[in-house]
Amino acid sequence: MCATCGCSDHTHQDLLTNPLDLSKQREINLEKDILQENNLRAERNRGYFEAKKIFSINLVSSPGSGKTSLLERTIDFSDDIPIYVIEGDQQSTNDADRIRRKGTPVVQINTGNGCHLDAEMIHRALHELEPVEHSLVIIENVGNLVCPALFDLGETHRVVIMSVTEGEDKPLKYPNMFATSQLCLINKIDLLPYVDFDVERAKAYALRVNPSLKFMEMSTTKATNIVEWYDWLSHHVKVPH
Ligand SMILES: Nc1nc2c(ncn2[C@@H]2O[C@H](COP(=O)(O)OP(=O)(O)OP(=O)(O)O)[C@@H](O)[C@H]2O)c(=O)[nH]1
Ligand SMILES: [Mg+2]
């Protein structure tokens, strides 16, 4: 449960059942303030990325969908693009250690009781990383399909990963995450013969909440369609002429 974004209380439901309860009203206002403050900081990050012509990705998913595995593969494939990584987890430096082993600059953010990264955390991490112009910054958000949807980090693109072991109904259960993403990666397709997951149905559900969402099917462990992903990245990173 997150103390910052307000997801841990009953505010929304209480307000619906008792709209004149002023203490609850203050809770809602506080939540709004936090989000407004975050949005202002996110705009600053966006300005920073634009000024340095950096392509930035906010990578979101449930825990274990394959975010860090995809990052490892991306680093393997991308010797011509400078990559910087910001790792978000509640605890541990496991994911940052995996990225560091690849020789890629990385900052680990531990959110403690928080269940998402926010724009201020990214601002501070960028100060530490100092990414060069025309580079790629990938932010691995905390594994969670709820709270990270609310927090704009100033990223250029939001990419959501859904793995085939999670069930195809995730877009319907967690619509905000799919509604605010531009690209959906369907990962672990090597496991399709063993699980009951209908890829076309999953896409149809996601398109219901976001008709302009794009898709890529992949297996990060088998490197299936990683080239397609890398081509997409190369297309977006503004390499100087
Ligand atoms: N079969 C299969 N396993 C995969 C694939 N991608 C990732 N995995 C496995 O899934 C597990 C979790 O992968 P991670 O990359 O750590 O997932 P994550 O999203 O970074 O996890 P958190 O950071 O904890 O949210 C690992 O055991 C991976 O080897 C894939 O395409 N196919
Ligand atoms: Mg990870």
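This is a predicted model: local features need pLDDT of at least 70, side-chain atom pairs count only at pLDDT 80 or more; totals for chains, interfaces and linings use all residues.
Q: Does Val-159 count as buried or exposed?
A: The cut-off for a buried residue is a relative accessible area under 20%. Because its relative accessibility is 0%, Val-159 counts as buried.

Q: What distance separates the C-alpha atoms of Val-159 and Thr-180?
A: Along the chain, Val-159 and Thr-180 are 21 residues apart.

Q: Which side chain of opposite charge is nearest to Asp-89?
A: Asp-89 is found in strand E2 (residues 83-89) and is buried, yet it has no salt bridge. A salt bridge would need a side-chain nitrogen of Lys or Arg within 4 Å of a carboxyl oxygen, whereas the nearest side chain of opposite charge is 6.7 Å away and belongs to Lys-67.

Q: What is the length of the polar contact that joins the side chains of Asp-89 and Gln-108?
A: Not counting residues up to four places away in sequence, Asp-89 touches several residues, including Asp-95, Gln-108 and Val-142. With Gln-108 there is also a polar contact between side chains, and its length is 3.4 Å.

Q: Which residues coordinate the magnesium ion (ligand 2)?
A: The donors follow the spacing T-x26-D-x44-E along the chain. Thr-68 lies in helix H3 (residues 67-77) and Glu-140 in strand E4 (residues 136-140), so that this pair, 72 residues apart, links distant parts of the chain. Both Thr-68 and Glu-140 are buried. At 2.1 Å, the ion is coordinated through OG1, OD and OE atoms, respectively, of Thr-68, Asp-95 and Glu-140.

Q: Which residues come nearest to ligand 1?
A: Polar side-chain atoms approach oxygen atoms of ligand 1 at 2.9 Å from Glu-140 and at 3.3 Å from Ser-219. Of the 20 residues around ligand 1, however, those that come nearest are Lys-67, Thr-68, Ser-69, Asp-190 and Thr-220.

Q: How far is an oxygen atom of ligand 1 from an N or O atom in the side chain of Ser-69?
A: Ser-69 is one of the residues that come nearest to ligand 1. Between an N or O atom of the Ser-69 side chain and an oxygen atom of ligand 1, the distance is 2.6 Å.

Methods
Residues are numbered from 1 along each chain as its sequence is written. Chains are lettered from A and ligands numbered from 1 in the order in which they are written. Side-chain values use heavy atoms; hydrogens and water are left out. Donors are N, O and S atoms within 2.8 Å of the metal (3.2 Å for Na, K and Ca); water is not among the atoms, so sites may look incomplete. Helices (H or I, at least four residues) and strands (E, at least two) are DSSP runs, numbered from the N terminus. Buried means under 20% relative accessible area, exposed over 50%, partly exposed in between (1.4 Å probe, protein chains only). Lys and Arg count as positive and Asp and Glu as negative; His and the chain ends are not counted. A polar contact is a pair of N or O atoms within 3.5 Å; within protein, one must be able to donate a hydrogen and the other to accept it, and residues adjacent in sequence count only if both atoms are side-chain atoms. Contact means heavy atoms within 4.5 Å. A residue is near a molecule or strand if one of its heavy atoms lies within 4 Å of it.
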